[in-house]
Amino acid sequence: MTTNTSMSASTSTSTSMSMSASTGAGAGAGTERAAGVPGGTAPAPAVAGRPRLDLAKSAPRVFRALIGFDAAAREGLDPALVELIQIRSSHLNHCAYCLHMHTNDARKAGESEDRLHMVAVWREAGHFFTERERAALALTEAVTLVADGGVPDDVYARAAAVFDDQELAHVLALILTINTWNRVALSTAKVAGTDTR
């Protein structure tokens with residue numbers, strides 16, 4: 001099956017996690033959004049009587065830097081591929097908040113239910129994905145689980161065979177950004193389904 005090309009670039013650059021205007025992090029008025037961005041959603045659970053922090057409000061410069069990194073990473077990548085990478089990383093990191101967000105974003109952009117259901121078992125359902133998507137998913141898994149054995153040469157070579165150097169650099173950067181957003185959401189206890197975009 002070929003990549004669903006109906007996903008628009010504008011959808012892919014919408015926020016994974018919304019940031020409230022009160023952070024002062026945006027260039028313009030209103031709410032700023034960027035893929036994978038935890039912040040400005042429903043309150044996080046309290047820990048010892050104190051709610052977990054909102055990164056966007058507590059460290060707006062850091063938050064803006066992450067938004068910029070994310071936006072730069074996805075430049076030139078197929079929006080369908082972007083969502084598949086973000087979904088697979090979110091599976092592996094057990095990030096329900098980001099998984100809920102990115103599967104919904106993919107649906108809104110025209111991704112099929114069949115492909116969404118098969119992302120977690122893409123090796124067993126390889127015919128649902130293009131060779132480039134399979135290579136990116138393998139690289140996503142290796143980088144996300146890097147502590148388990150690094151990024152194997154064959155996984156890297158497979159990706160390098162189907163992406164040019166610039167594309168591969170952007171795929172790798174996107175994998176790094178979604179892993180960061182997963183960790184932000186998990187450490188600040190974001191609740192799945194509370195994204196207010």
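Me: Which residue follows α4, and is its phi positive or negative?
Reply: H94 follows α4, and its phi is positive, near 55 degrees. Keep in mind that this is a predicted model.

Me: OK, and what's at the other end? Which residue caps the N-terminal end of α4?
Reply: That's D78. One of its side-chain oxygens sits 3.1 Å from the backbone nitrogen of A80.

Me: Is α4 mostly covered or mostly open?
Reply: Mostly covered: of the 14 residues in α4, 13 are buried.

Me: What span should α4 have, and what does the model give?
Reply: Helix α4 covers residues 79-92, and at 1.5 Å a residue its 14 residues should span 20 Å. The C-alpha atoms at its ends are 20 Å apart, which agrees.

Me: Let me zoom out. How many helices and strands are there in the protein chain?
Reply: Nine helices and four strands. Going from the N terminus, the order is α-β-β-β-β-α-α-α-α-α-α-α-α.

Me: And what share of the protein chain is buried?
Reply: 49% of its 197 residues are buried.

Me: New topic: salt bridges. How many does a search of the whole structure find?
Reply: Nine. One of them pairs R123 with E141, with the closest N and O atoms 2.5 Å apart.

Me: Where do R123 and E141 lie?
Reply: R123 is in the loop between α6 (113-118) and α7 (131-144), while E141 is in helix α7, so the pair ties together parts that are 18 residues apart in sequence.

Me: Is E141 buried or exposed?
Reply: Buried, with a relative accessibility of 9%.

Me: How accessible is E131?
Reply: E131 has 33% relative accessibility, so it counts as partly exposed.

Me: Which other residue meets E131 in a salt bridge, at 3.2 Å?
Reply: R158, with that 3.2 Å running from N to O. R158 belongs to helix α8 (residues 153-162) and E131 to helix α7, so here the pair ties together parts that are 27 residues apart in sequence. R158 is partly exposed too, with a relative accessible area of 30%.

Me: Which residues do salt bridges with shared partners join into one network?
Reply: R88, R123 and E141.

Me: Why don't C98 and C95 count as bonded?
Reply: The two sulfurs are 3.3 Å apart, too far for a bond; the cut-off for a disulfide is within 2.5 Å.

Me: Is C95 buried or exposed? And C98, buried or exposed?
Reply: C95 is buried, at 1% relative accessible area. C98 is buried as well, at 0%.

Me: Now the rings. How many aromatic pairs does the search find?
Reply: One. F63 and W181 make an edge-to-face pair, 5.8 Å centre to centre, with 65 degrees between the planes.

Me: Which helices hold F63 and W181?
Reply: F63 is in helix α3 (residues 60-74) and W181 in helix α9 (residues 165-187), so the pair ties together parts that are 118 residues apart in sequence.

Me: Is F63 buried or exposed? Is W181 buried or exposed?
Reply: F63 is buried, at 0% relative accessibility, and W181 is buried at 1%.

Me: Last one, R74. Where is it, and which side chain does it contact?
Reply: R74 lies in helix α3. Its side chain makes a polar contact of 3.1 Å with that of D70. R74 is also buried, at 5% relative accessible area.

Terms used. Residues are numbered from 1 along each chain as its sequence is written. This is a predicted model: local features need pLDDT of at least 70, side-chain atom pairs count only at pLDDT 80 or more; totals for chains, interfaces and linings use all residues. Side-chain values use heavy atoms; hydrogens and water are left out. A salt bridge is a side-chain nitrogen of Lys or Arg within 4 Å of a carboxyl oxygen of Asp or Glu. Helices (H or I, at least four residues) and strands (E, at least two) are DSSP runs, numbered from the N terminus. Buried means under 20% relative accessible area, exposed over 50%, partly exposed in between (1.4 Å probe, protein chains only). The expected span of a helix is 1.5 Å times one less than its number of residues. A polar contact is a pair of N or O atoms within 3.5 Å; within protein, one must be able to donate a hydrogen and the other to accept it, and residues adjacent in sequence count only if both atoms are side-chain atoms. Rings of Phe, Tyr and Trp (its six-membered ring) pair if their centres lie within 6.5 Å; planes under 30 degrees apart count as stacked, over 60 as edge-to-face and the rest as tilted.
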